[in-house]
Amino acid sequence: TYTTDTKSREENKKTIESLYRLSVDIKKIRRLKEWVLLQDVAYVKEIAGILQEMGADEAAVANILERCPEAILRTPAEINSQRALWQLVCQNEKQLIKLIEQFPESFFTTEHHENQKANILFFQELGLKNNIITRFLTSAPNIFYNPVEKNKNVIETLQRNYLSLGGSDANMKIWMLKLLSQNPFILLNTSTAIQENLEFLQKNDFTDHEVLQLLSKLKGFIFQLTSTTMQKSMLFSKNVFKCSDQELKQLVLKCPALLYYSVPVLEERLEGLLKEGISVAQIRETPMVLELTTQIVRYRIQKLSALGYDIKSGTLESLNGTKKDFEVNYGKIQSKKERPIFNPVAPVHIED
């Protein structure tokens, strides 16, 4: 038994038996969400039945209920409504059950059903493909809980600003959809915050074209910042690199991370680079290196050093980029080192 503030509660025996029959690991539920087992009403057989109807086998049903036991507290009507809703963007039930297996919490959050439906229809009208909408449903479900008017308001603010910054009507839809696909969390911001951040950049002498450039480079993450944090980050970079306002602006355009990362993050990354014997002048030349964590930088320097490449005397370009970019650069340096020097006048030995 479990004691609560009001009265002594016992586990619901009927719930336990039904879960046991489905081969669900009850110990796991007790450890993670024991409160589910204390509820007077649960729909174990019904929810399992709906999942099986959609094509889930016994192992899949057990896995879903272990990961999201609160699913059994939803009524069959709620789950069928949710099923119909997700079918608006899923190709078939096979894809739907696969998504539920991977992201059960997103599927079994049924409280905002009307908002979810209105937002799915709005995103479809906007021109977002169904596979993008399903990605949003699973990775950014909160954006569907907003009233659709709020999401429309944010989209309109972005579109208005895109045009006022010199973007063309012809490209606006593509720009908007790309921005949303890269960062759906933009929709969790308020229109006021978006406006303030854009005004901050303009006050700091970024031209309209440059502001648009930053928006695209930062994939809209700029809206998750505040003017205060951006100001602090810019001031930090200005002091470190001892540069003028104009030079700082060029550095930020070259490496938007200088605007995006907080001062403690920039400080830690800078210290890490200096410890490796890299100079501030080298970092100023290639600021994009600050986009990498200290661990990644250290690992890449070690790999290059093993090839005899001295990072302290060379450029930092070879450290830059994604994992794939680095592997390509590393491969080029390696093959250069391994390539034998061909001497055109050396005698050729031919076996008899």
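Predicted model: local features only at pLDDT ≥ 70, side-chain atom pairs only at ≥ 80, totals over all residues.
The crossing of H12 and H13 is right-handed. The cavity is the one in the structure with a volume of 30 Å³ or more, and helix H14 gives the largest share of its lining. Helix H14 also crosses helix H15, at roughly 110 degrees.

**Helices H12 and H13**

- Helix H12 spans residues 191-203 and helix H13 spans residues 208-217; their axes come within 10 Å.
- The two axes cross at roughly 130 degrees, and H12 and H13 are therefore oblique to each other. The angle lies between the range of 65 to 115 degrees that counts as roughly perpendicular and the values over 145 that count as roughly antiparallel.
- On the H12 side, the contact is made by Leu198, Leu201 and Gln202. These residues meet Asp208, Val211, Leu214 and Leu215 of H13.
- By class, the residues of this contact are five nonpolar, one polar and one charged.

**Helices H14 and H15**

- Helix H15 covers residues 245-254, and its axis comes within 10 Å of that of H14.
- The crossing angle is roughly 110 degrees, and H14 and H15 are therefore roughly perpendicular to each other.
- The handedness of the H14 and H15 crossing is right-handed.
- H14 contributes Met234, Ser237, Lys238 and Phe241 to the contact, while H15 contributes Asp245, Leu248 and Leu251.
- Four nonpolar, one polar and two charged residues make up the contact of H14 with H15.

**The cavity and its lining**

- The largest cavity has a volume of about 40 Å³.
- Its lining consists of Phe236, Ser237, Val240, Phe241, Leu258, Leu266, Leu270 and Leu290.
- Helix H14 (227-241) and helix H17 (263-275) are the elements that each give two or more residues to this lining. The share from H14 is four residues.
- Seven of the lining residues are nonpolar and one is polar, with no charged residue among them.

Technical notes
Residues numbered from 1 in each chain as written. Heavy atoms only, no water. Axes fitted to C-alpha atoms, helices over the stretch in contact; angles between N-to-C directions. Parallel < 35°, antiparallel > 145°, perpendicular 65-115°, else oblique. Left-handed = near helix turned anticlockwise from the far one by under 90°. Contact = heavy atoms within 4.5 Å. Nonpolar A, V, L, I, M, F, W, Y, C, P; charged D, E, K, R; others polar. 1 Å grid on protein atoms, 1.4 Å probe; cavity = no way out; pocket = protein on both sides within 12 Å on 5 of 7 lines; lining within 4 Å. Points joined across faces, edges and corners; volume = space filled by probe spheres on them.
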